Amino acid sequence: MLIECQNIVKRFKTGDIETTVLKGVDLRIEEGEFVAVMGSSGSGKSTLLYILGCLDRPTFGRYLLEGKDVSTLDDDTLSHLRNEMFGFVFQAFYLVPYLSVLDNVRIPTLYSKTPKSKKDAVALLEKLQLEDRIDFMPDQLSGGQKQRVAIARALINDPRIIFADEPTGQLDSENAKNVMEILENLNEEGRTIVLVTHDPMMAAYATRIVRIKDGQILSA
Amino acid sequence: MARFYLHDLIAFLLFYRGRSMFALAGIVLGIASLVFIVAAIEGSRLKADRIISMLGSDTILIRSSFGSRISFRHIPMKLTMEHYQKIGTIEGVRSVDYFYVKKMTVARGGFSKHLMVEGFTPGTLEHFGYESEWGRFFQSKDFKNFAKVVVAGHDIVDEFFSGKNPIGKTLLIGKIPFRVIGVYKRKGKSPRGTSMDERIMMPVPTYRKFIQAEYRKLFAIAVKVSQKDNYDRVVSDVKNILSRTLKPDDYFLITPEVIRKFLSMLSASLGLFLGIASLTALFVSGFVLSNIFLINNRIRAWEIGLRRALGATRRQILVRILLEASVIAIAGAFLGTLAGFASVKYILPLLEIPVVYPLESFLVATLFSMAVALIAAWSPAKEAAAMDPLEALRRRL
């Protein structure tokens, strides 16, 4: 088992008000699966994704990654885990505005113990049909191109799991389809994909859909 | 990878160049003042050495005081031949020379000018390090025969002889013709900033006979001490002799110690003033830099979150921000040193301090600006490193 969540609870406190976003989530994901976590806004799907991606910690419960409880790991170990094992694709792309397309893709290599070369970044951009945009700056790209650069960045350290948070949220249908096909291909290559979306059309690309409502899994 | 790291870092500073420049400006200002202070202190030391070597480290120069009237025509010459003779009897004195100075009208052809004419005893020219370039200096026959001969500086040659060799030609000094027998090598400017090449010298007997009848009143007395160990005692004996007949304001004593003291006081007061200015500028620049980095943290919080998501550890974020501050510090040290050298070039001549470019000041500047930048950036760097990656990602402006 690659990912196993046991009774994950997540609470946020704003002033005196405490909100429980995840209410005892149990979830298992096998290596090589393409799982879509679907739910409406505020359902807790993104919170779950960020806990799975080790960007957030659960308030209660256990999160086992390859059988190892990650909630006991220190901050530096989690950073190395994110760098080596995970790739992130965000709705807002998060491309660094002062770096070229190529350099944006290379950012994760700065924090890698065995950094990939510039050639690897170029090869990824070629694979994602961005070879003619290598020296472009992010503000010179279309939304679809930006997201493909973000995918290339997520792939540079050859991660086993890709976490995608509403990756098509800011794209038109044509570009959204394109991005989903890329994720589908990556899954076919053997990578585990965890996608968060509220759009059933996008969720349809997944091999399994997990529905979440009010912080609880409805069907897995 | 190091190259990409540096490229990433510099690209950030250039992208937010407005704020980077603002942070840089304070450091440049502080460092420029610091470099200027180092140059002014070194220049003053150099000036003291030059004056002392001109005077001779074994020399005591006693000069009639100008008082409040700075005019060679009306110097109240209180030093007398009696002082000269008495000083000559002090034990430990190797030689004593005296000389006269008076401003006279010097003319040739249709051109005339008021110039300093000096009466020298035998050996005084050599004593003050004058070297002959054309012709010769005075010989004993010139002293014996009241010869109407002069030795002149290069400015005189340029003004009266169009720069051509004037040996054997005449100058009218107070309507009396004098023959030029020698021209000394260029001496440049005096410590007071006046040209030392616009002087005319003649033997003392000639001077007394044709220029100043009241020969008992002297402009200056130069004493050479036989052994350095005797120097302080001789100075004290000279003071004793002079104080019997003169008030302290009537003369002043120039010794290497007095020159060093005066110039070190000048550079110390300059250093104090600029030191305060420099430290204030560096303190303010540190404050500005710290606030700019705090603003950067707000603006780039999402980017810090992204880097954390992509695998950067807290320590790597901390180091990154301290390195950004270091790059600003090094650039500030470099530009500040250049600005300091530019101010040295244009301001030190106004203060009559020799221009020196102390290269070691770049090292001092770098250390100071690094210290300021690292202290200033420490708190923002800690803040950035402590950011929760997810919180930071959500703070995209």
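What radius of gyration would a compact globule of 220 residues have, and what radius does chain A have? A compact globule with 220 residues would have a radius of gyration near 17 Å, and chain A has 17 Å, which agrees. The radius of gyration is taken over C-alpha atoms, and the globule rule is 2.2 Å times the number of residues to the power 0.38.

The model is predicted: local features need pLDDT of at least 70, side-chain atom pairs count only at pLDDT 80 or more, and totals for chains, interfaces and linings use all residues. Residues are numbered from 1 along each chain as its sequence is written, while chains are lettered from A and ligands numbered from 1 in the order in which they are written.

## Overall dimensions

The table sets out values for each chain. A residue is buried if 20 or more other C-beta atoms lie within 10 Å of its own, exposed if 12 or fewer, and partly exposed in between, with C-beta atoms placed from the backbone.

| Chain | Radius of gyration | Span of C-alpha trace along principal axes | Buried residues |
|---|---|---|---|
| Chain A | 17 Å | about 50 × 40 × 40 Å | 48% of 220 residues |

Two residues are in contact if their C-beta atoms, placed from the backbone, lie within 7 Å. Among contacts between residues at least 6 apart in sequence, 71% in chain A join residues at least 24 apart; for chain B the corresponding share is 83%.

## Sheets of chain A

Chain A has seven helices and ten strands. Helices (H or I, at least four residues) and strands (E, at least two) are DSSP runs, numbered from the N terminus. Two strands pair if DSSP finds at least two bridges between them.

Six of the strands form an open sheet of mixed pairing, in the order β6-β7-β8-β3-β9-β10 (chain A). Its edges are β6 (86–89) and β10 (216–219) of chain A, each of which pairs on one side only. On average, neighbouring strands of this sheet are turned by 25° against each other, direction ignored. Within the sheet, strand β3 (residues 34–38) of chain A pairs with strand β8 (residues 192–197) of chain A in the parallel sense over five bridges, and A:Val37 has A:Val196 as its bridge partner in β8(A). Helix α1 (residues 45–52) of chain A lies across β3, β7 (161–165), β8 and β9 (208–213) of chain A, and runs at about 155° to β8(A). Axes are lines fitted to C-alpha atoms, for helices over the stretch in contact, and angles run from 0 to 180 degrees between N-to-C directions.

A further open sheet, of four strands, has the order β2-β1-β4-β5 (chain A) with antiparallel pairing. Strands β2 (17–29) and β5 (68–69) of chain A stand at its edges with a single partner strand each, so one side of each is left without a neighbour in the sheet. Five bridges join strand β1 (residues 3–14) of chain A to strand β4 (residues 60–65) of chain A in the antiparallel sense; here A:Ile3 stands opposite A:Leu65 in β4(A).

## Nonpolar cores

A nonpolar core is a set of buried Ala, Val, Leu, Ile, Met, Phe, Trp, Tyr and Cys residues joined through C-beta atoms within 7 Å. The largest has 121 residues, and those with the most contacts inside it are A:Val37, A:Ala152 and A:Val194. Helix α2 (residues 17–55) of chain B gives the most to this core, with 15 residues. Apart from residues up to four places away in sequence, A:Val37 touches A:Lys45, A:Leu48, A:Leu49, A:Val194, A:Leu195, A:Val196, A:Val210 and A:Ile212. A second, separate core of 50 residues includes B:Met77, B:Val151, B:Met201 and B:Val204.

## Chain B and the interface

Chain B contains 13 helices and twelve strands. Its domain assignment, with bounds from an automatic or database source, gives domain 1 (2–51 + 261–393) and domain 2 (79–245). The centres of domain 1 and domain 2 of chain B, taken over C-alpha atoms, are separated by 53 Å.

Five of the six residues of strand β11 (residues 220–225) of chain B are buried, so this strand is largely enclosed by the rest of the structure. Strand β1 (residues 59–64) of chain B pairs with β11(B) in the antiparallel sense over five bridges, and strand β3 (residues 93–108) of chain B runs antiparallel to β11(B), joined by six bridges. B:Val223 in β11(B) is the bridge partner of B:Ile60 and of B:Val96.

Between the chains, 25 residues of chain A are in contact with 22 residues of chain B. On the side of chain A that touches chain B, α2 (75–85) and α3 (101–106) of chain A each supply at least two residues, and α2(A) gives the most, with six residues.
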